[in-house]
Amino acid sequence: MSKKLPIATIIGRQNVGKSTLFNALIRERRAIVDPLPGLTRDIITYSINYKSVSFIISDTPGLDINKSSELSQSIIENARNHLKRSSVIIFLMENPSPFPFDLDLSRFIRKLSLPTIVTVNKMDTNTDLENMTNFYEMGYTDILPISALKKMNIDMLLDKITDILPVKRLSTDNTDLKISIVGRPNSGKSTLLNSLLGYERAIVSDIPGTTRDAIDEDISFHGKRIRVIDTAGLKKKSRIKGNEQFYSMRRTIDSINRSDVVIHLIDATIGLTETDKKISDEILKANKPIIISINKWDAVNKDTKTFEEYKEKIIYQYYRAIDFPIMSISALERIRIHKLMTTALELSEKSKMKIETSKLNDIIQNIQKMRLTPQIGRSMKIYYATQISTTPPQFKLFVNNHKLFKRDVIRFLQKALQERLDLKGIPIILRIHDRR
């Protein structure tokens, strides 16, 4: 998380509307909203700019969850640690009156001695407003009635936040690179995020599916500001049950689409699965640079040849893997984490590369002369090529007959260009047009 921006954190019981309020404040559907209590497990953050003031808004899980499980303890501890780093607390209750746990939470907040905005949600009608007197009995003199669902008094809440921020930053989002971490449930995504940050930001548990929302955090690496997005574990569509899993999958795909580079984590102790192939297909569909990271390498019995053999097996199982950098890491032991981030920066820079038209056409003509695919240079001819955009690189090829350039030929040309332009890991898009 950026240390330059102050943090405003929403806190309250389960199902009082924290995630709905979070979405209303950022004006996006980022947090999962569902009547089922306890959907939010991690802390979701988002940088917003309101009236030229930038700050981070955070959504937290309800702190009245059942404390009997190990996972529940981790969720509560994570939320409390985050509150200590916050600049402003938004204490959210709900109509018609305070619950007993609201009183406990109120005592806890007062001990933090942080600026607090007390709000009451689900004040949807004028009749509801009559219940405000129930909340003044808690000893607060300034309470803001809101309706997160109907977006009533949301701007007033934003005004209050910006007014009491201890530090006002007028900067906007100047992130140099966005990286999303994707993989199957329990592949080590949250552990990797925590290793990059240097503290326990995301909840780590052996229970698959602990992370349900995409979590954004900012780090500094080699002078660059990098946003790291930890996503929910992707599952096969046939195994998605219930709204929470559906929305988790949608958030993960959205995170892939808004990132510059994607790190695909594979559990070394399990190997490549059909779900992993589907995940790579989703990343390819989004045309994002990919790094395949074999995580938990510290838990594998190995000798000097093991990783090369492991890599060859992955390529054999999933032929597209040959297009991407493949490296072994241990998120838990922080092994090769520096190399992972360096590779991500390199891929980001290469994806922005502008190729000189003369150089591009020399390469195309050379490919045709070598006739590695017999038809190219004979029945199929490429007359001219030009780059039309970057990130990812897109090239327009003018040919004799676009119908001859089937998918296998385009795949061959993409691989040939990747090799000759040193763009391994970078998707290449080819637009085929008839010369006329």
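**Figure 1. Val 399 and the residues it touches.** Start with Val 399, a residue of strand E14 (helices, H or I of at least four residues, and strands, E of at least two, are DSSP runs numbered from the N terminus). Leaving aside residues up to four places away in sequence, Val 399 touches Lys 381, Ile 382, Tyr 383, Phe 405, Ile 432, His 433, Asp 434 and Arg 435 (contact: heavy atoms within 4.5 Å). Lys 381 sits 18 residues away from Val 399 along the chain, yet their C-alpha atoms are separated by 5.6 Å. Is Val 399 buried or exposed? Val 399 counts as buried because its relative accessibility is 0% (buried is under 20% relative accessible area, exposed over 50%, partly exposed in between, with a 1.4 Å probe and protein chains only). What you are looking at is a predicted model, where local features need pLDDT of at least 70, side-chain atom pairs count only at pLDDT 80 or more, and totals for chains, interfaces and linings use all residues. Residues are numbered from 1 along each chain as its sequence is written, and side-chain values use heavy atoms, with hydrogens and water left out.

**Figure 2. The sheet that holds E14.** Here E14 has a strand on either side: the order is E13-E14-E15, in an open sheet with mixed pairing (two strands pair if DSSP finds at least two bridges between them). Strand E13 (382-389) and strand E15 (429-434) are the edges, each pairing on one side only. Going from one strand to the next, the twist averages 25° (axes are lines fitted to C-alpha atoms, for helices over the stretch in contact, and angles run from 0 to 180 degrees between N-to-C directions). Follow E13 and E14 (residues 394-399) and you will find six bridges in the antiparallel sense. One of the residues to look for is Ser 389, whose bridge partner in E14 is Gln 394. Helix H12 (residues 357-370) packs on this sheet and touches E13 and E14, with its direction at about 140° to that of E13. Helix H13 (residues 407-420) lies across E13, E14 and E15, and runs at about 125° to E15.

**Figure 3. The E2-E3 hairpin.** Strand E2 (residues 44-50) is mostly covered, with five of its seven residues buried. Its antiparallel pairing with strand E3 (residues 53-59) takes in seven bridges. Tyr 50 stands opposite Val 53 of E3. How many residues lie between E2 and E3 in the hairpin? Two, and Lys 51 in that turn has a positive phi of about 50°.

**Figure 4. Two cis peptide bonds, at Pro 96 and Pro 392.** Asn 95 and Pro 96 are joined by a cis peptide bond with omega of about 20°.

**Figure 5. Positive phi at Asn 153 and Arg 334.** Asn 153 is not a glycine, although its phi is positive, at about 65°. Look for Asn 153 in the loop between strand E6 (143-145) and helix H6 (154-164). Asn 153 is partly exposed because its relative accessible area is 23%. Arg 334, another residue other than glycine, has a positive phi near 60°. The loop that holds Arg 334 runs between strand E12 (326-328) and helix H11 (337-351). With a relative accessibility of 49%, Arg 334 counts as partly exposed.

**Figure 6. A cavity inside the model.** The structure has one cavity of 30 Å³ or more (a set of points on a 1 Å grid over the protein atoms alone where a 1.4 Å probe fits but cannot get out; lining residues have an atom within 4 Å of a point). The largest cavity holds about 40 Å³ of space (the volume filled by probe spheres on points joined across faces, edges and corners). Around it you will find His 264, Ile 266, Leu 272, Asp 276, Lys 277, Ser 280, Ile 292, Ile 314, Tyr 318 and Ala 321. Which elements each supply at least two residues of this lining? They are strand E10 (261-267) and helix H9 (274-285). H9 gives the largest share, three residues.

Terms used:
1 Å grid on protein atoms, 1.4 Å probe; cavity = no way out; pocket = protein on both sides within 12 Å on 5 of 7 lines; lining within 4 Å.
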